[in-house]
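I opened the notebook to look up the fold, the charged pairs and the aromatic rings. My entries follow in the order I worked.

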Amino acid sequence: MEQKFSFKHFGILLFAGVFLLLGSCKSSETAVNRVLDADVETLLNRLETEPYRINIRSISPFNTFATQRVLNQLLVPYTGNSANRIDVGGDGNYLEIKDSIASASLPFFGEQRQGGAYYRQGDSGINMASEPQDYTISPHKSKNAAVVSFTIDDSNRSSENYDVFMMIFPGGKSEISIMSSHRTPIYFSGILEFVEADNEE
C-alpha cells in the first residue's frame with residue numbers, strides 16, 4: 001500500500017508540475033503579446049497624430065500571363081528582379097499622409113482593364129494629391145500591425161480611383177495594396193518614416 005501511495009503521490013506532483021510549467025509558458029506568451037500590443041497601440045497613436053511617409057522598396061504586380069511575359073523581358077538586364085518582385089529602392093517612390101492630404105508617386109506594372117482611363121505617355125503611374133475618403137486607422141485583427149485604408153481619385157485622371165489598404169508593423173515594415181477602378185491590382189513594400197508637419201505661419 002505504501003508503495004502505491006508513493007507512486008500516486010508522484011503522479012500528482014508530476015501533473016501539478018507540468019500544469020504549472022504550461023501556465024508559466026502561457027503567462028510568458030501573454031506578457032510578450034502585451035508588449036507587442038503596446039507597440040501597436042503606440043504606432044496607432046502616432047499614425048493618427050503625426051504625418052508619415054512610406055518609402056517604397058519593392059513592387060509586386062498582379063501577374064497575368066501577358067504581364068509576366070512582358071515584365072520578364074523588360075527586367076532581364078536588372079539582376080535580382082523578376083515579374084513577381086521588382087526592386088525600386090532609392091527611386092524616390094513614396095506614399096505620404098500629411099496635413100490631411102494623401103500624396104503619392106508610384107510606378108505601375110500591370111494591365112489596363114477594358115474601358116479604362118486614357119494614359120498619356122510617361123503618365124501611367126499612380127498619382128495622389130488630395131484628401132482621402134473613408135480614411136480609417138485600426139489594429140489588425142490577427143497580426144500585430146496597424147491597418148490604414150482609404151479611397152482616393154488619381155490626381156491626373158479623376159475618372160480613375162483607388163482603394164488603398166496598408167498594413168504597417170511597429171518596426172516600420174509596410175505593405176500596401178492598391179486596387180484600381182481601371183487597372184489590375186498592385187502591391188508595394190516599403191519602410192515607414194514619420195515626417196515633420198509643415199509649420200503654420
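**Entry 1: contacts and overall make-up**

I took a contact to mean heavy atoms within 4.5 Å. With that, I looked at contacts in the protein chain between residues at least 6 apart in sequence, and 59% of them join residues at least 24 apart. I note that this is a predicted model.

Next I listed the elements. The protein chain has two helices and ten strands. Read from the N terminus, the order is α-β-α-β-β-β-β-β-β-β-β-β.

Then I checked burial and surface. Of the 201 residues in the protein chain, 34% are buried. The accessible surface is about 12800 Å², and carbon and sulfur atoms account for 54% of that.

**Entry 2: salt bridges**

How many salt bridges does the structure hold? I found six. I wrote up three of them, including the bridge between Glu-96 and Arg-53.

In that bridge the closest N and O atoms of Glu-96 and Arg-53 are 3.0 Å apart. The pair links distant parts of the chain, with Glu-96 in strand S3 (residues 94-98) and Arg-53 in strand S1 (residues 52-61). They are 43 residues apart.

Are the two partners buried or exposed? Glu-96 has a relative accessible area of 10%, so I logged it as buried. Arg-53 has 22%, so I logged Arg-53 as partly exposed. The cut-off for buried is under 20%.

I moved on to Asp-154 and Arg-157. Their side chains meet in a salt bridge at 3.1 Å, N to O. Both residues, Asp-154 and Arg-157, are buried.

Glu-160 and Arg-183 came next. Their closest N and O atoms are 2.9 Å apart, and they form a salt bridge. This pair also links distant parts of the chain, 23 residues apart. Glu-160 is in the loop between strand S7 (146-153) and strand S8 (161-168). Arg-183 is in the loop between strand S9 (173-180) and strand S10 (186-194). Glu-160 and Arg-183 are both buried.

I then traced shared partners. Salt bridges join Asp-154, Arg-157, Glu-160 and Arg-183 into one network.

**Entry 3: aromatic pairs**

I searched the whole structure for aromatic pairs and got two. The ring centres of Tyr-52 and Phe-194 are 6.5 Å apart and the planes are at 65°, so I logged the pair as edge-to-face. Tyr-52 is in strand S1 and Phe-194 in strand S10, 142 residues apart. Tyr-52 is buried, at 0% relative accessible area. Phe-194 is partly exposed, at 24%.

The other pair is Tyr-135 with Phe-150, and I logged it as tilted. The centres are 6.0 Å apart, with 35° between the planes. Tyr-135 lies in strand S6 (residues 133-139) and Phe-150 in strand S7, so this pair ties together parts 15 residues apart in sequence. Tyr-135 is partly exposed at 30% relative accessibility, whereas Phe-150 is buried at 2%.

**Entry 4: charges over rings**

Last, I checked for charges over rings. Which residue lies over the face of Phe-194? I found Arg-46 there, at 3.9 Å from the ring centre.

I had already logged Arg-183 in the salt-bridge network.

Note on methods. Residues numbered from 1 in each chain as written. Predicted model: local features only at pLDDT ≥ 70, side-chain atom pairs only at ≥ 80, totals over all residues. Heavy atoms only, no water. Helix = DSSP H or I, 4+ residues; strand = E, 2+ residues; numbered from the N terminus. Buried < 20%, exposed > 50% of the residue type's maximum accessible area, 1.4 Å probe, protein only. Areas by Shrake-Rupley, 256 points an atom, 1.4 Å probe, with all protein chains shown as cover. Salt bridge = Lys/Arg side-chain N within 4 Å of Asp/Glu carboxyl O. Phe/Tyr/Trp six-rings, centres within 6.5 Å; stacked < 30°, edge-to-face > 60°. Lys NZ or Arg CZ within 6 Å of the ring centre and 35° of its normal.
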